[in-house]
Amino acid sequence: MLNISQLLDEIKASPYREIVVVAPHTGKITFAEIAPGDRVHGPQGQWKELPGDRLATLERERNPKPVCAPENGEISLVHKELNGCFVEAGTPLVVLRHMLTRDEVQRTILQKTLHLFLAPERAKYYFTPEADKKIRSSDAHSVTVRDGMELFIMSRMKREVPLHYTGPDGVIYEVYFKYNENLDAGAPLIGVCPQAHLHVIHDMIIRVQTEWTET
Amino acid sequence: MSTTQSDDTLRKHKILVANRGEIAIRIMRACKKLGIPYTAVYTAEDAASGHVRLARAEGGEKSLFRVSSYHDANELMCVADDASCTAVHPGYGFFAEDFRFARRVAKRDRKMIFIGPSWKIIRELGDKINTKRLARSLEVPTVPGSDRPIYDEMEAERIAKTIFEFQQQQGIRHPLVLVKASAGGGGMGIEEVYDPDQFRSVYRRVRNYALRQFKDEGVLIEQRIMDFNHLEVQIVSDRTGKNPVHFGTRNCSIQSTGLQKRIEVAPGFTPEVINYSFDAQKVLDDIVAYSLKMARSVGYDNVGTWEWIVTRQGAPYLMEVNTRIQVENGVSARIAKIRGQDGVDLIAEQIRTGLGEHLGYTQDDISFEGVSIEYRLIAEDPENNFTPWVGQIECFEWEKAPWLTMLTHVPERLPYEIPTEFDPNLALAIVYGKDIRQTRERGIAFLDSLCLTGKDNRGNGLKSNEAFLKANTERILHF
């Protein structure tokens, strides 16, 4: 059976994650007034509607675009040498040291506890229209999956093929892919929790919510 | 083809290669041949592609940039500015036939040259209905039918009647008329009419469907052509637009079920060897003359392809004009000679004339010799509706020969993961022979020598269209 205390202790031992902020596209980069050691905030508000602190501005074809902090954290490295330079898409700009939030801890533990159904090939994935409708109208938890049921549409090179779920019966607890996103083979698609284990998961969530303090 | 004096003007330019894979490699090679520096772009998925390796190895300063997407015009313009490019080569696909992109390149503050026809010509010939109207005004034959949406039942019946009569004159045993919702697309709202008496009811059904679905009751009426060969005429012209020349015809009739070309042959027919039920030489001469006539009339000012349907009765109809370099330009170049010299490179000609050089030769200087075929080697399963195969290529080797040109971005002997984001074209193999018999034999010899293996995630072996290509080699140019 799952040992939540042990998992939590493991995460507490190294509660940080390094986030490398990269240039989303090419352009001329101008850094904001930031330096290693500064604390920055990620998106705020009830729906994360307020963007994070501005780290830099990327200007392309006379359109300046802010590059914002994706999460709360402490700046550990700024590639200041690039200031004023033209950068390519994907160039590392800033490194953030981010302390895991409750949600992230919860997600990490869930990944270890749920049954993960993995992407068999590099492709884009969608739910079948029936499952998609159900998820949209309530949420993923309302969808019960059975072994062998047709659950996904796998799309690559403009061809679509149905994909059947294999694994234990249960409810979809987590969805790991986004609409129109290319997934690598072996990336998790969904996390499934058998009905009987739901109470264990709920206990875990309550423990994380109470024991994990966010800074 | 170019003189030393103009070489210096060419070398002042720098070209942004706004494409990927095989065509990017061909553009870079042509640039190298002309002594023009270039800049290539790539995305994260394409980091292992051959065009990236070539640019890294031979490109020099500021010759390779990673961008977020090939479809993002801002990225391309921004890279072009930073690398001080003076011209953009769009290749084929992506922005090649996008007149807005061509216009942006030519009209922005830091102006550049779009290597392709001028944007006005792309706009004019990019629209199929407009092309049809233009062709008709020049008495160039197009697929019989309406060249605008029809809203009037009487007029629709009149057009349908003439199409039925026309097919009867042509000796077609089962005349067919196609009724399409003008605003529709992707096969929606298309019906066939076999019997003239049924026309009215089908017309009304399609019209009502179109009104319901697209809020536009316009209907197109065309002849449905079942049994045809797909021919092309390669046109090359310089910026004066006054003296276009042709580089012969191509036959692209061997296609996959999704009507994607798989084998292309130059010339379009070989009446001296194969018997046709019609005067094939006259068809070839006619489509070349019609294509040149249209090119001259619009002032066509770069490379382009006029695509034709040729029926079993030997009647050619203009289908569309591709205002760009095509994948299969290599077969035409392979059989062509300029002033008796082979080694014609149509991409180099496109770049040279695109940058403003004069053509420097006339139609009389161009001659043709031999037969050339191009195989499109693709990881796909022809027995299963040409479904693309995805996985890792482990071995890709073939026997080298002087009559074989292999164009590929896939590394030999190194494992290569096929990116799923783009089409699964692996290589183009261009085979040359002095006549159709020799070309066929060499084609088969090449396919026999080919080693193409790989595995997907489940351990299944690579599927390719090799057997399909081989089986179809026998019937090339037959009609």
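The model is predicted. In it, 19 residues of chain A are in contact with 20 residues of chain B. The side of chain A that touches chain B has seven nonpolar, five polar and seven charged residues.

**Chain A: hairpin**

- Strand β4 (residues 54-60) of chain A and strand β5 (residues 63-68) of chain A run antiparallel and are joined by six bridges.
- Within this pairing, Leu58(A) has Lys65(A) in β5(A) as its bridge partner.
- β4(A) and β5(A) form a hairpin, with two residues between the strands.
- Glu61(A) lies in the turn of this hairpin and has a positive phi of about 50°.

**Chain A: four-stranded sheet**

- Chain A also has an open sheet of four strands in the order β9-β16-β14-β11, with antiparallel pairing.
- β9 (115-118) and β11 (144-145) of chain A each have a single partner strand and stand at the edges, so one side of each is left without a neighbour in the sheet.
- Strand β14 (residues 170-175) of chain A runs antiparallel to strand β16 (residues 188-193) of chain A, and four bridges join the two.
- Ile172(A) stands opposite Val192(A), which belongs to β16(A).
- Strands of a sheet pair through backbone hydrogen bonds, either parallel or antiparallel.

**Chain B: domains**

- Chain B is divided into domain 1 (3-115), domain 2 (144-223) and domain 3 (228-473).
- Between domain 2 of chain B and domain 3 of chain B, the C-alpha centres lie 34 Å apart.

**Chain B: helix pair α2 and α3**

- Helix α2 (residues 21-34) of chain B and helix α3 (residues 50-58) of chain B have axes that come within 8 Å and cross at roughly 25°.
- Angles under 35 degrees count as roughly parallel, and α2(B) and α3(B) are therefore roughly parallel to each other.
- On the α2(B) side, the residues that meet α3(B) are Gly21(B), Ala24(B), Ile25(B), Met28(B) and Lys32(B).
- On the α3(B) side, they meet Gly50(B), His51(B), Leu54(B), Ala55(B) and Glu58(B).
- By class, this contact of α2(B) with α3(B) has five nonpolar, three polar and two charged residues.

**Chain B: helix α12**

- Helix α12 (residues 346-354) of chain B is mostly covered, with nine of its nine residues buried.
- The buried residues of α12(B) include the charged residues Glu349(B) and Arg352(B), as well as Leu346(B), Ile347(B) and Ile351(B).
- Gly356(B) follows α12(B) and has a positive phi, near 110°.

Notes
Residues numbered from 1 in each chain as written. Chains lettered and ligands numbered in written order. Predicted model: local features only at pLDDT ≥ 70, side-chain atom pairs only at ≥ 80, totals over all residues. Axes fitted to C-alpha atoms, helices over the stretch in contact; angles between N-to-C directions. Parallel < 35°, antiparallel > 145°, perpendicular 65-115°, else oblique. Contact = placed C-beta atoms within 7 Å. Pairing = 2+ DSSP bridges. Domains from an automatic or database assignment. Buried ≥ 20, exposed ≤ 12 C-beta atoms within 10 Å, placed from the backbone.
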